[in-house]
Amino acid sequence: MTEPTAQRHWQAACPNCGAPVEFASAASVCAVCSFCRSTLLRDGESLKKIGVSAELFEDYSPLQIGSAGRFAGEAFTLVGRLQLSYAQGSWNEWHALFDSGPNGQKSGWLSEDNGSFVFSFDAPLSEAIPRAHELTLGERRILGGQGWSVAALTMTTLAAAQGELPRPPVPGRKYLVAELRNAQDEVGSLEYSDEEHPQWSVGRSVRLADLALTNLREEQSKNLASRSLPCPNCGAALEPKLESTQSITCPQCSSVVDISAGAGAELAHFKQQAGRPPQIPLGSTGTLALGDGQAVPWQVVGYQERCDIPETSDDETSFWREYLLFNKTEGFAFLVDAEDGWSLVRPLTGAPQLGGSSVEWQGQRYALKYRYKARTTHVLGEFYWRVQKDDVADVTDYDGGAMLMSREQTGEEITWSQGRKLPASAVINAFRLQSSAAALARDATPGSGTSLIKRIMIALIIILVIILLVRACSHDDCDSYKNTYGASSTEYAQCLNSHGGGRIYPSGGGFFGGGSFGGSGSGGGHK
């Protein structure tokens with residue numbers, strides 16, 4: 001006796017417009033009509049209209065309904081999509097239908113955000129689920145028997161829905177999505193669209209290339225060409241090259257423009273002063289490896305100068321540069337040019353284990369190095385986030401020898417990044433630069449030459465003053481008596497007695513007593 005095959009298709013007419021609506025899974029409870037966008041709930045053998053979905057906004061995703069692939073050896077097809085928005089942008093949740101599962105099929109979610117992808121699955125929880133207002137950014141929680149760190153608390157709006165979905169969507173509803181990360185490189189999500197019954201899911205980062213996807217959308221170049229927008233400040237053409245670009249710098253007037261609203265919308269922008277040109281020109285391509293992985297080509301698509309915010313007036317400001325790199329299969333990474341050298345870093349899916357003044361990630365310990373606030377002072381190119389004027393982040397850096405770890409907190413989000421240090425020669429070779437290794441190895445601070453000269457001058461002045469004081473204090477006023485009458489003469493002895501009984505030696509206190517020469521080298525963290 002053979003097992004009955006899973007019901008693969010069920011079709012009915014949309015009660016609003018009459019168009020055919022097809023379900024690929026008998027377990028799916030709702031769908032969005034592709035013609036009139038009515039949200040339809042299955043009611044026995046018929047469909048019931050329960051609302052209308054907003055129109056999807058163009059996000060130039062390479063995925064679409066009907067795209068198919070394999071994950072962990074199992075075949076899946078994308079049958080639905082939720083388009084979610086928040087203050088800093090938007091992301092997609094693609095409903096993936098697998099051919100396996102306890103009832104013949106199972107659902108998963110392929111999350112797409114800023115060129116990165118996470119495959120997650122709904123999971124049960126034995127612990128009491130915390131209420132939305134009970135969660136605090138950065139706190140530790142035990143869920144599903146594992147320790148998690150709360151990485152983001154995002155007020156989200158369900159902007160639009162498409163295709164077949166396992167739960168009825170409510171477009172326009174605002175709710176909290178809490179993102180948690182752990183040391184096993186996993187990301188967990190608590191979705192409070194139903195406050196009484198929040199949904200818990202657990203996932204891992206995936207590479208789009210590893211999913212063996214078929215039936216993707218056509219090449220995006222033609223679509224991107226139609227994205228050309230006028231700069232709201234000077235009218236020059238803004239032509240983003242990436243699908244995920246949220247902010248772009250005008251090549252003519254250097255204004256930073258938020259293009260997330262798309263064509264036809266009023267584009268928010270701010271003006272900025274011209275900064276130093278990047279040492280690696282925008283558009284350059286270089287081949288570099290992340291960690292122990294294979295070297296791949298990276299294109300420079302964005303550039304930003306940042307500085308720390310001194311804690312006291314005695315602390316000096318340090319500047320550094322960050323190049324935003326893009327690879328179509330790897331997503332985004334950052335090439336950092338700082339005072340202590342070059343590094344290639346990338347955001348983590350998970351979060352390291354905290355332990356006092358150090359963290360541990362995949363068996364390696366990283367020691368606390370700096371804590372500081374970082375401000376963005378100048379940007380060029382394209383960015384997958386909305387760049388705000390004078391963006392400020394709380395940063396903590398950790399050192400692991402050849403490797404490094406960094407934690408950045410902005411608003412209601414914490415991001416961990418891991419990277420490796422690079423010699424200047426590796427950067428030169430990767431991007432085929434004309435600069436010498438010495439030029440790229442120099443302090444990256446825009447004002448670093450002035451800062452270094454200032455410190456040297458202060459040190460030289462202090463040394464000169466000390467030498468003069470020592471010489472003055474060591475001078476013997478009775479030398480003329482000694483030279484004329486001899487060191488054992490009565491005249492010389494009387495002169496010594498009249499001047500207080502002898503010489504003043506440097507080791508006798510006074511001029512060398514206590515204190516330091518200021519805080520030019522102390523206090524404040526530096527990138």
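The legends below describe close-up views of a predicted model. Residues are numbered from 1 along each chain as its sequence is written, and side-chain values use heavy atoms, with hydrogens and water left out. Local features need pLDDT of at least 70 and side-chain atom pairs count only at pLDDT 80 or more, while totals for chains, interfaces and linings use all residues.

**Figure 1. Overview of the chain.** The chain has six helices and 31 strands; these are DSSP runs numbered from the N terminus, helices being H or I of at least four residues and strands E of at least two. Of the 527 residues, 42% are buried, where buried means under 20% relative accessible area, exposed over 50% and partly exposed in between (1.4 Å probe, protein chains only). Among contacts with a separation of 6 or more, 53% join residues 24 or more positions apart; a contact means heavy atoms within 4.5 Å.

**Figure 2. The largest nonpolar core.** Such a core is a set of buried Ala, Val, Leu, Ile, Met, Phe, Trp, Tyr and Cys residues joined through side-chain atoms within 4.5 Å. The largest one holds 23 residues, of which Leu180, Leu190, Met405 and Trp416 touch the most other members. At least two residues of this core come from each of β12 (146-165), β13 (174-181), β27 (358-361), β30 (403-410) and β31 (413-422). Beyond four places in sequence, the contacts of Leu190 include Ile129, Pro130, Leu135, Leu143 and Trp200. In soluble globular proteins, nonpolar side chains tend to be buried together.

**Figure 3. The second largest pocket.** A pocket is an open set of points on a 1 Å grid over the protein atoms alone where a 1.4 Å probe fits, with protein on both sides within 12 Å along at least five of seven lines; lining residues have an atom within 4 Å of a point. The space in this pocket is about 410 Å³, a volume being the space filled by probe spheres set on the points, which are joined across faces, edges and corners. Of its 19 lining residues, Lys241, Leu282, Val301, Gly381 and Glu382 are the closest to the centre. Strands β17 (237-238), β18 (247-249), β22 (296-308) and β28 (364-383) each supply at least two residues of the lining. The lining comprises 11 nonpolar, five polar and three charged residues; Ala, Val, Leu, Ile, Met, Phe, Trp, Tyr, Cys and Pro count as nonpolar, Asp, Glu, Lys and Arg as charged, and the others, Gly among them, as polar.

Figure 4. Asp258 lies in strand β19 (residues 256-258) and is buried, at a relative accessible area of 17%. Apart from neighbours within four places in sequence, Asp258 contacts Gln246, Ser247, Leu267, Ala268 and Arg386. Glu266 lies in the loop between β19 and β20 (269-270) and is exposed, with 79% relative accessibility.

**Figure 5. Asn215 and Leu216.** Both Asn215 and Leu216 lie in the loop between β15 (199-206) and α1 (221-225). Asn215 is not a glycine but has a positive phi of about 55°. Asn215 is partly exposed at 43%, and Leu216 is partly exposed at 35%. The C-alpha atoms of Leu216 and Leu63 are 5.4 Å apart, although 153 residues separate the two in sequence. Setting aside neighbours within four places, Leu216 is in contact with Pro62, Leu63, Gln64 and Ser67.
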